[in-house]
Structures are given as structure tokens and as C-alpha cells.
Amino acid sequence: MPTTTVHFDAILFDMDGTLVDSTDGVVGAWELFAEKYPGIDVTEVLSSSHGVRTVENLRIHCGIEDPDELEREAERFEAAIVFNSKKDGRRGIVALPGVREIIEELLPVAKFPNPRWAICTSATRSYATAALKTAGVPVPDVFVASEDVEKGKPEPDPYLLGAKRCGVDASKCLVVEDAPSGVRSGRAAGCKTLALLTSHSREQVDAAQPDYVVKNLASVSMKRTETGVEVKINED
């Protein structure tokens with residue numbers, strides 16, 4: 001297993017599937033929405049919706065076009081994720097392997113004026129905040145949510161904004177992602193990309209052409225430096 005050591009000015013993390021696992025809640029939310037929107041194939045939706053903003057998924061799969069209705073239903077959907085995550089004995093929203101160790105190391109550089117990491121998520125701020133709190137993952141000062149950008153992943157906007165708010169050049173950042181759309185977003189922003197095999201197959205991830213691929217963050221270690229973060233990657 002080859003080990004690669006690279007230095008970056010900042011680390012830009014996706015949230016769902018990267019830092020936390022909310023699969024149980026997402027399945028429950030889509031099952032709930034299938035009652036109101038007949039014709040939703042939950043299995044098919046789950047295979048293509050990950051890493052895409054909720055409003056865009058609802059437009060695609062539920063046929064909602066009205067902007068105000070989209071916002072209302074997006075809020076209802078994301079509230080349903082949190083509620084359903086522990087329903088019927090489900091395990092809830094939890095931190096993924098390796099996350100706690102990395103965040104513990106990076107916590108001292110989570111705040112302005114010189115933040116060295118950010119979370120850039122396709123989720124809304126209200127849901128993302130609730131999900132992170134439920135999983136016990138702290139929220140850094142640079143926290144880019146769905147409503148902060150006009151165009152979501154796979155467009156580069158979320159990661160360009162994350163780098164900008166960290167005060168660094170995107171080309172000197174590492175994007176950590178699990179979804180092919182997120183990897184493409186990071187690449188489009190000019191960042192290096194680390195893909196995790198937590199939600200998609202190796203074939204799907206490789207198609208997005210990430211720079212590095214690992215099973216999850218247990219295969220990665222990070223260390224604060226005076227100018228950024230040193231990352232050791234044990235590639236699978």
C-alpha cells in the first residue's frame with residue numbers, strides 16, 4: 001500500500017459521505033416523499049442523488065419547479081433525514097471512520113483569521129448544522145452550504161468559495177469527497193482531489209478522475225504545520 005505525503009494550504013471537506021454517514025435518514029426521507037410523489041423509485045434515486053443539492057434532487061425526482069415550493073420541500077426533506085435517521089432502530093447520523101482523529105488535529109486551525117480547513121456541502125445550512133451536531137463533528141468558521149452558491153456541485157463554485165474564505169488559492173487546496181459530482185467540482189475549481197469509497201463504487205469514483213483514492217479517512221492522517229496541513233495518504 002503506497003503512502004503519499006503532500007502539503008496543502010487548506011483542506012476542503014464535503015460533509016455527507018465524507019465526514020458523516022446519514023444514509024439511514026436519507027432512505028427514510030425518500031420513502032416519506034414517495035408517499036406524496038408517486039412514481040419515485042427510491043433505489044434509483046439513491047444511486048444518483050448523492051452529492052447533489054436537495055433542491056435540485058427534488059426538481060429532478062419530484063417534478064417541483066416553483067422556487068418557493070422547492071425551498072419549503074427541501075427544508076421538509078432535510079428535517080425528515082434527521083428525524084428518520086434514528087427511527088425504527090436505525091443508527092442515526094454518525095461520524096465516519098478516521099474523522100474524529102483528523103478533526104481533533106485540525107480543530108485549533110478551524111477559526112478566523114487563518115482557517116486551514118472548511119466544510120463545503122450541498123446540504124442547506126440548517127440541515128448540515130444539525131447533522132454535524134448529531135454526529136459530534138464541530139463546525140469550522142468556513143462553512144459553505146447550498147444557499148451560499150448559485151451553482152452547486154459539479155460546478156466549481158462551492159470549493160472556489162471555500163478556498164476564498166480560507167484566504168488561499170484553490171490550486172493549493174485538497175478537496176475530500178465521496179461523490180463523483182463533488183470530485184468533479186473540486187477538479188473544476190483547480191484543487192487536488194481525494195476520493196473516498198464510502199458511497200460509490202470504485203468504477204464510479206475513478207470515472208471522475210480524482211488524484212487520490214482511499215476507502216475512507218481511516219487511511220489518511222493530517223498534521224498541522226506553520227503554513228497549512230501535511231497529509232499522509234495510504235492509497236488502496
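Modeller: Before the sheet, one term: two strands count as paired if DSSP finds at least two bridges between them. Please also keep in mind that this is a predicted model.

Colleague: Fine. What is the order of the strands in the open sheet?

Modeller: Six strands form the open sheet, in the order S6-S5-S2-S7-S8-S9, and the pairing is parallel. The edges are strand S6, residues 143-144, and strand S9, residues 212-214, each of which pairs on one side only.

Colleague: How many bridges join S5 to S6?

Modeller: Two bridges join strand S5, which covers residues 117-120, to S6, and these strands run parallel. In that pairing, Ile119 has Phe143 in S6 as its bridge partner.

Colleague: And S7 with S8, how many bridges there?

Modeller: S7 and S8 pair over four bridges, again in the parallel sense, and Glu177 stands opposite Ala195 in S8.

Colleague: Is S8 largely enclosed or open?

Modeller: Strand S8, residues 192-196, is largely enclosed by the rest of the structure, because four of its five residues are buried.

Colleague: Which strands does helix H7 lie across?

Modeller: Helix H7, residues 157-166, lies across strand S2 (10-13), S5, S6 and strand S7 (173-177), and the helix runs at about 145° to S2.

Colleague: Changing topic, how many disulfides does the structure hold?

Modeller: The structure holds zero disulfides. Cys191, for instance, is in none, since a disulfide needs the two sulfur atoms within 2.5 Å, whereas the nearest cysteine sulfur to that of Cys191, belonging to Cys173, is 5.2 Å away.

Colleague: Is Cys191 buried or exposed?

Modeller: Cys191 counts as buried, because its relative accessibility is 6% and the cut-off for buried is under 20%. Cys62 is also buried, with a relative accessible area of 13%.

Colleague: Now the largest pocket: which residues lie nearest its centre?

Modeller: Of the 33 residues that line the largest pocket, Asp16, Val26, Ser49, His50 and Gly51 lie nearest its centre. The elements giving two or more residues to that lining are strand S3 (20-21) and helices H1 (23-36), H2 (42-49), H3 (54-62) and H4 (67-84). The space in the pocket comes to about 560 Å³.

Colleague: What is Ser49 in contact with, leaving aside its sequence neighbours?

Modeller: Ser49, which lies in helix H2, is in contact with Trp30, Asn57 and His61 once neighbours within four places in sequence are left aside. Ser49 counts as buried because its relative accessible area is 7%.

Technical notes
Residues are numbered from 1 along each chain as its sequence is written. This is a predicted model: local features need pLDDT of at least 70, side-chain atom pairs count only at pLDDT 80 or more; totals for chains, interfaces and linings use all residues. Side-chain values use heavy atoms; hydrogens and water are left out. Contact means heavy atoms within 4.5 Å. Axes are lines fitted to C-alpha atoms, for helices over the stretch in contact, and angles run from 0 to 180 degrees between N-to-C directions. Buried means under 20% relative accessible area, exposed over 50%, partly exposed in between (1.4 Å probe, protein chains only). On a 1 Å grid over the protein atoms alone, a cavity is a set of points where a 1.4 Å probe fits but cannot get out, and a pocket is an open set with protein on both sides within 12 Å along at least five of seven lines; lining residues have an atom within 4 Å of a point. Grid points are joined across faces, edges and corners, and a volume is the space filled by probe spheres set on the points.
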